[in-house]
Amino acid sequence: MKRYLVLSIILLLMLNIGLAKQTFVIDFTKNPPKGNLSYEVSKGVELEKEDGAYHLAFLKGGSNLKIYTPVSSLESPKRVILKITGISSSFITQETWAPISILVNTKELISGFDFGSDYYITPSFNISRYWLNGQTNVIEIRLDKEASGEFWLKKVEISIYEK
């Protein structure tokens, strides 16, 4: 059984099917945040501690996070996938709504996306269409102005695939 598992892993590595060639991450569960992405936050965004763990809190509508990627050494990636781990905060006494917009190099990828307040989720977004090869890319995550609650962010990951 172990032999087949090892052979399968070797075959997967040889074929390189679905494995990211480059991955960039920023993890806001640490203080200070860890990862290989540069970022800046606007007013209304703070690193907070809740139940022993940290998260980046978007406290008011219009607040944002801008992430700057290193220049990728890959000349023509086939897919670039953005993963965001987040949740809309909730208050016991009132319903809240915390939709976000995601921009890639100033082009809107999605708007009005609500993570829900039940538990942290990690949706994936294909950002290949707006990705600039050989340049620094800017990903902006913005809490919509109409938000009535907070958005909490734990992690951002960008994976670049050649196949």
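Is E140 buried or exposed? In this predicted model, E140 counts as buried because its relative accessibility is 12%, which falls under the 20% limit for that class.

When contacts between residues at least 6 apart in sequence are considered, 72% of them join residues that are at least 24 apart.

Within this arrangement, E140 lies in strand β11, which spans residues 138-143. Leaving aside residues up to four places away in sequence, E140 touches N64, L65 and K66, and also S101, I102 and L103.

The side chain of E140 also has a charged partner, since the structure holds 2 salt bridges and one of them is formed by E140 with R142, where the closest N and O atoms are 3.3 Å apart. The side chains of E140 and R142 are likewise joined by a polar contact of 3.3 Å. Whereas E140 is buried at 12% relative accessibility, R142 is partly exposed, with a relative accessible area of 26%.

A salt bridge is also formed by E157 with K155, the closest N and O atoms here being 3.9 Å apart. E157 is buried, with a relative accessible area of 18%, and K155 counts as partly exposed at 32% relative accessibility.

Definitions and conventions. Residues numbered from 1 in each chain as written. Predicted model: local features only at pLDDT ≥ 70, side-chain atom pairs only at ≥ 80, totals over all residues. Heavy atoms only, no water. Helix = DSSP H or I, 4+ residues; strand = E, 2+ residues; numbered from the N terminus. Buried < 20%, exposed > 50% of the residue type's maximum accessible area, 1.4 Å probe, protein only. Polar contact = N/O pair within 3.5 Å; in protein donor to acceptor, adjacent residues only side chain to side chain. Contact = heavy atoms within 4.5 Å. Salt bridge = Lys/Arg side-chain N within 4 Å of Asp/Glu carboxyl O.
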